[in-house]
Amino acid sequence: MQIKEEKQGDVMIVTIDDHLDTASAPGFETRLLGMIDEGERKVLIDCGPLEYVNSAGLKVFLLAAKKLETLGGQFILCALAPSVLMIFEMIGFTRIMKIAATREDAQRSFRAA
Amino acid sequence: MPAALLFALVVTVSALRSYTQVSENGARSSRAIARHRVARLETVLRRAQEIPEMMAIQLESGALDTEEKLTAYMRAVLERNRGQVYGSCIAFTPSGFRSDLNAYGPYYYWSKEGLQFEQLAKPDYNYFQWDWYRRPRDAGRPVWSAPYFDEGGGQTLMITYSVPIWRDGLFWAIITVDIELAEMLNDVGAMSDDERETVGSSAYAFIIDKDGKYLAFPQESPEHVQEHSLQEKNTELASAMLSGKEGVMRTVDPRDGKQAWVAYAPILINPMSEDSDNAPLAEMSLAIVSAESPALDAAQGLFIAQVAIGLAGLALLFLAIIVVARSISRPIRELADAARQIADGNLELNIATGSRTDEVQLLENGFNKMTKDLRMQMQELRYTTTLRERMEGELTAARNIQMSLLPKIFPAFPDHPEIDVHAMVRPAREVGGDFYDFFLLDNERLCVALGDVAGKGVPAALFMAVSKSLIKATALAGHAADEIVARVNDELCEEADAGMFVTLLFAILNTVTGELEYCNAGHLSPFLLGPGETIKPLGGARAPALALATGLAFPTVRYRLAPGDAVFFFTDGVTEALSPERDFYTPERLEDVLRVVRMEPVGKITRAVMNDVRTFCAEREQADDISVMALRWLGAPHDSPPESSQSRETQPAHELKI
């Protein structure tokens, strides 16, 4: 799985690959939780390329969200494809996570917080 | 081996070169000796020439005018040159000495008895006819005779020098000097020790006359010598020697017929004459024969020594090579042995050959590093194997937990023919958290649940166990459906710390009325299987998954089932099963299968779906648990007829808003 990281101000933007499944989730989890451990408090996941995510992948988002919540940080997902957003809604993630339409919206949310 | 051949070649060539050089040196030496001998002989002969010249001067001066004076003078000359001059004679022309004497030839010679006199002018000896008189007279100049064996008084090998003298322009007399050659030649022919050292121990000299007859030959008496000629033995050498030139040749030794080096030089006796045009005659020729083997003794010795040294060197070289090869091959053999042992599994082996060769040490270090690395890798492998076994054990444990918790006895409710339930889970190798459950809350309420815990392995299995227990406990506590799910959620939120969440389908069926109250917590919608062609997803009642957050509401919906209607619950393990080509199974394919088997007994429905998924996945390993559950309501039981009339109002099943 290819993960791109770029820092814009105090926001760490992580762009993920098209598949987040049982195979790729552990690597992503290590990376994502690792950067939080290193001190990142504002994490934006750009799900633009993401086409498929299963429960293993969703678990990573949940973990990161909960962790940042307890640390007083922010976790925002943006640019979800309709199919992905549907899953998020089905599972109920849309209720417990911040989901933005675009990166810009997400950045605004970070600043507003 | 090529090095050895090269070495042998070098030794041989060098030895041969030395051999050739030495043998050439030998030839040169014998040539020098020959020249030296000839020069000595020539000196002696030249000195002998002076005697008659002096006598001629005396005679021409007129001082020897009387017989007494003449003979006295001759005697004196012979006395003075005793040992060198054997005899001398003065032979006058007719009436040359005295007018009354027709011939006068006084001749003095040495014999054993002393100086003898003989008058050559005698009736039986007409000296005017003899060569020694005629040749110088006719030639008008002194002449050397050929060497000859004097059978008269001398009994020895002689040579005579005859000098013609003139008075008043007219030929007057011949003065001769006989020179004994034998002794001189033998002297010349003898080899000194020094010379033998140079040209070989068996070297010898011989002298031939101009006809090729031997004049001097070692260990041969003078008489015998004259009877043989060189031509008999070696014509090649004879013609070379008689050519009047000097030279060296390799030819047959006239003495024993073996190959030898022969150096030869002419003995040129120059008569004293102003006529230099006359080529000196080669009256004799001297040869130094150095038999090949002695001449080359030194050379051969050198050759042999060099070859021996070469061979010894070669042997030493081989010895050294063998020693070096051993010292290299021994540790290598040890290493090879060690390699075999290592291959046999002895990784504890530590190699120490003690070799000082760099390469061997490198090899040795490499070997030891290799065994060490192998040892470590083996340990690591053992460790990971243990770990893996432990993990497999964990997985098995997790699977066992999961499977042991699930009700697997069918038919599940033999006492309730109005309901039929069947469920199956096919766990993945690394078990997920799928679960299902069904139990009666009371005589007419059946509770069914099908859930999927996110994640894998033991944590998921345990979370699933907790979830299932909580659901059952909460449900049996007699709460309403929405309440039950909400409570379970709150409980789970306290348990969940590793990002766990559970999607759940929870339903309570009234077995009398066919009313189905149902809640979908983040799960895929179940299908309603009715007699119609359409396979309808049971929509609505959308709620978030469990364990995401506390305090969430979990709304329910109610459906009224018609007798014979069935609901089909499944986890995403079904629809997201992957084919070898990485295609998803998809809900559409599921619908197709369900459409075919919708009226079959529930057990057949679940199995049909499972089989189709298995067919679809083929060889591909199952990534997630696959769970299916089918529940059919067959209508109100006969022994307890439906108390409510509303059960028939809603056919087929439809949503009831609460």
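**View 1. B:V425 and its bridge partner in a predicted model.** B:V425 bridges to B:S627, which sits in β23(B). Their strands, β13(B) and β23 (residues 626-633) of chain B, run antiparallel and are joined by 8 bridges. Strands here are DSSP E runs of at least two residues, helices are H or I runs of at least four, and both are numbered from the N terminus. The model is predicted, so to speak of local features takes pLDDT of at least 70 and side-chain atom pairs need 80 or more, while totals for chains, interfaces and linings use all residues. Residues count from 1 along each chain as its sequence is written, with chains lettered from A and ligands numbered from 1 in the order written.

**View 2. The open sheet of chain B.** Five strands line up as β13-β23-β22-β18-β19, with antiparallel pairing; to pair, two strands need at least two DSSP bridges between them. At the edges sit β13 (419-426) and β19 (535-537) of chain B, each pairing on one side only.

**View 3. One face of helix α4 in chain B.** Which residues of α4 (residues 182-189) are buried? They're B:A182, B:M184, B:L185, B:V188 and B:G189. Buried means 20 or more other C-beta atoms within 10 Å of the residue's own, with C-beta atoms placed from the backbone (12 or fewer is exposed, in between partly exposed). Down the axis of α4(B), these buried residues fall within an arc of 165 degrees, so they line one face of the helix. That arc is taken from the directions from the helix axis to the C-beta atoms.
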